[in-house]
Amino acid sequence: MASIEIANARKSYGAVDVLHGIDLNISDGEFIVLVGPSGCGKSTLLRMIAGLEDITSGDISIAGNVVNDLQPKDRDIAMVFQSYALYPHMSVAENMSYALTLRKTAKEKIADAITNVADILGLSALLERRPKALSGGQRQRVAMGRAIVRKPQAFLFDEPLSNLDARLREQMRTEIRKLHRRLGATSVYVTHDQIEAMTMADRIVAMHDGIIQQVGSPVEIYDHPANIFVASFIGSPAMNFLEGTYETKDDNGSDGAGICLSDGSLVPVLHAQGATTHQAATLGARPEHITIVSDANSGLAARVDLIEPMGLSTLVHATLADKPIKIFTMDRPDYAVDSTIHVSFDMEKVHVFDTKSELRLPPITEPHPSHRD
Amino acid sequence: MTLATQTGKLPVERRGGFSKKLSGILEPYLYVSPALVLIIAVMLMPLILGLSYAFRDIRILNPFSGGFVGMAHFQTLISDQAFLGALANTAWWTFGSLVFQFGLGLILALLLNRAFLGRGLIQALVFLPWAVPTFLSGLNWAWMFNPVVGPLPHWMTSLGLMAEPYNILSDPDLAMWGPIIANIWFGIPFFAITMLAALQSIPKELYEAASIDGATTRQQFVSITLPFLAPTIAITLMLRTIWIANFADLIVVMTKGGPADSTQIVASYIFTQAFRRLDFGYASAIAAVLLVLLLAYALSVIALRRAMTHSDN
Ligand SMILES: Nc1ncnc2c1ncn2[C@@H]1O[C@H](COP(=O)(O)OP(=O)(O)OP(=O)(O)O)[C@@H](O)[C@H]1O
Ligand SMILES: [Mg+2]
């Protein structure tokens, strides 16, 4: 097991810069999830750690040693590919033992390791089969097994669950987490699925356009997103954004701040750090932080567009100040389409973003991120 | 499926009648009959006709020939020294050409499978020998081996491979190498292109996974590349063996089977018998033997492959 340090790593393909200076420290035994939209450079970063891709500049160290110029096989890492990349002409057992065989490990040792791993992953009955005779989920397990057998310093996963159906994905998610707890191996896991990121990570690394946007625990990223990109990418259904201006009441500074929306309605918010009065600001409110109120005076009027029952809860789509918003409720509302409802925003929970820089302006009551842990 | 058979049966049951039933049975055959007629006319008839010549005395210059002679041609064949020599030459010609065509073609494919500047152009150029008419390439190579007009004997002399420049095509011990070299040049593209196509179908991730697992380039070749290429190798080698064994163009153009029959293969011997001695009956008998030999070869290769893939699974 080992820590991984990435210092100012860059990657370009010719004139195209794909990664712009990545800094990341992954501690020993941590489960890190790299998340971001398609094409943001997650796979590229992972493959640079694996040694499958050259590092244009910067350093990557594993267990304190710079590995920039080491071959993949000398980095002592294992990787699980999205396509699984199982050797089609070898049996399950041969697939899993290939690396050990190449290292001339003793036969009995290999057999022990295979039996052990097959037990953990429930592959014991399939050891003699060829990959083509396995289901997608079973192949996925074999790919995991091939990585585990070697007891590497670190595991790298590139979207390992994206070829599975929803139910199996959910099941494998928990299994990978359990496996990680059991083996305690440093893991870097790439996904574009924010639910996987939320449920599996010790820390999430949110990436966009080759730049790390934010690093933090799932709850931290969810509750205190650094900018509009992270706020919109993490969370499903996604956060609502309403553009307007940041206003303060001059007479009483202590409790008078709000976002003035395009239709002139005012949503009260906490005073934001570094915000100036009248500046362009965006209100960010998660669907669960908007409530439908019966009292017309204590809420803003919105028009119902669609009611979406989701079993556990219901999602109400509505239009507020000409912008579509989504409201999450545990009730079972039966509003008619186009009827008017009144909504109120949870002042403590909503966010204020600087529209221009897209950065979040945290409330003055919140400690600075660098002082928080 | 069940629906189709039901609707197919229904009208027969309803209307009954013998002629209706008969036309129901005949109908599918009538649909395929144009194709059947075509196959019989252009493939089966010539084959049977050609084989029947083997049992007849057909000499173009003899107006009284044409009679049935039974196995006489085959009896002559068994003791025909020229034919037995041609059989041995065929084996030499076929496997000499095949080994080098395949080996060099595979190496070329492996080289072309890497990314480098101008790869597209080189790939197109590699195909070129294949596009040259065999008659032309035969003439060209014959000239190249001729010390009067060609450079090869002079080069070989400078390299010390030859005491003095002379034409290897006129040396009974070496003459076979002339057409073989021309054939290697001609056949490399076939293997290079087919192997390259097979190589490009191998997923890159397999090599990446193997390099992480610690496999060297050679180990990756053995445990990934070769198993992937195996089916293509098996089928192309079999096809080419039959093809080359039957392929007399280069020999006929370059040496005409000489000197002293030293480059005569069965296919060129058939050509000589038919179009120089004008003995079509005897030529057909030789062709029949060649057909049987190649069929036996093909069947044994297919059986071998089936046995191998079965033990594989
Ligand atoms: N060989 C290459 N040449 C040029 N550009 C490349 C090459 N490989 C990747 N890229 C570019 O690098 C960027 C990052 O690619 P990468 O595969 O890391 O994305 P990703 O975040 O893994 O996306 P996905 O979620 O779709 O897998 C993409 O814009 C891609 O077009
Ligand atoms: Mg990717």
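The shell around ligand 1 divides into 3 nonpolar, 6 polar and 2 charged residues. Here Ala, Val, Leu, Ile, Met, Phe, Trp, Tyr, Cys and Pro count as nonpolar, Asp, Glu, Lys and Arg as charged, and the others, Gly among them, as polar. The model is predicted; local features need pLDDT of at least 70, side-chain atom pairs count only at pLDDT 80 or more, and totals for chains, interfaces and linings use all residues. Residues are numbered from 1 along each chain as its sequence is written, chains are lettered from A and ligands numbered from 1 in the order in which they are written, and side-chain values use heavy atoms, with hydrogens and water left out.

Ligand 1 is surrounded by Tyr13(A), Val18(A), Ser38(A), Gly39(A), Cys40(A), Gly41(A), Lys42(A), Ser43(A), Thr44(A), Glu159(A) and His192(A). A residue is near a molecule if one of its heavy atoms lies within 4 Å of it. Helix α1 (residues 42–50) of chain A gives the most to this shell, with 3 residues. Helices (H or I, at least four residues) and strands (E, at least two) are DSSP runs, numbered from the N terminus.

Polar contacts are pairs of N or O atoms within 3.5 Å; within protein, one must be able to donate a hydrogen and the other to accept it, and residues adjacent in sequence count only if both atoms are side-chain atoms. A side-chain N or O atom of Ser38(A) is 2.4 Å from an oxygen atom of ligand 1. For Gly39(A), a backbone N or O atom lies 2.8 Å from a ligand 1 oxygen. A polar backbone atom of Cys40(A) is 3.2 Å from an oxygen atom of ligand 1. The protein covers 57% of the 640 Å² of accessible area that ligand 1 has on its own. Accessible areas come from the Shrake-Rupley method with a 1.4 Å probe; for residues, only the protein chains shown count as cover.

Thr314(A) is found in strand β17 (residues 314–320). Thr314(A) is buried, with a relative accessible area of 4%. Buried means under 20% relative accessible area, exposed over 50%, partly exposed in between (1.4 Å probe, protein chains only). A polar side-chain atom of Thr314(A) lies 3.3 Å from the backbone oxygen of Asp331(A). Beyond four places in sequence, Thr314(A) touches residues including Ile307(A), Pro309(A), Phe328(A) and Arg332(A). Contact means heavy atoms within 4.5 Å.

Leu300(A) belongs to strand β16 (residues 300–309). Leu300(A) is also buried, at a relative accessible area of 17%. Its C-alpha atom is separated by 7.3 Å from that of Ser265(A), 35 residues apart along the chain. Among the contacts of Leu300(A) outside four places in sequence are Leu261(A), Val267(A), Leu320(A) and Phe345(A).

Chain B has 14 helices and 0 strands. Its C-alpha trace spans about 90 × 75 × 35 Å along the principal axes. The radius of gyration is 27 Å, whereas a compact globule of 313 residues would have one near 20 Å. This radius is taken over C-alpha atoms; the globule rule is 2.2 Å times the number of residues to the power 0.38. Buried residues make up 36% of the 313 residues in chain B. Chain B exposes about 18200 Å², with carbon and sulfur atoms supplying 72% of it. Among its contacts between residues at least 6 apart in sequence, 65% join residues at least 24 apart.

Helix α13 (residues 266–275) of chain B is largely enclosed by the rest of the structure, because 8 of its 10 residues are buried. Those buried include Val266(B), Tyr269(B), Ile270(B) and Gln273(B).
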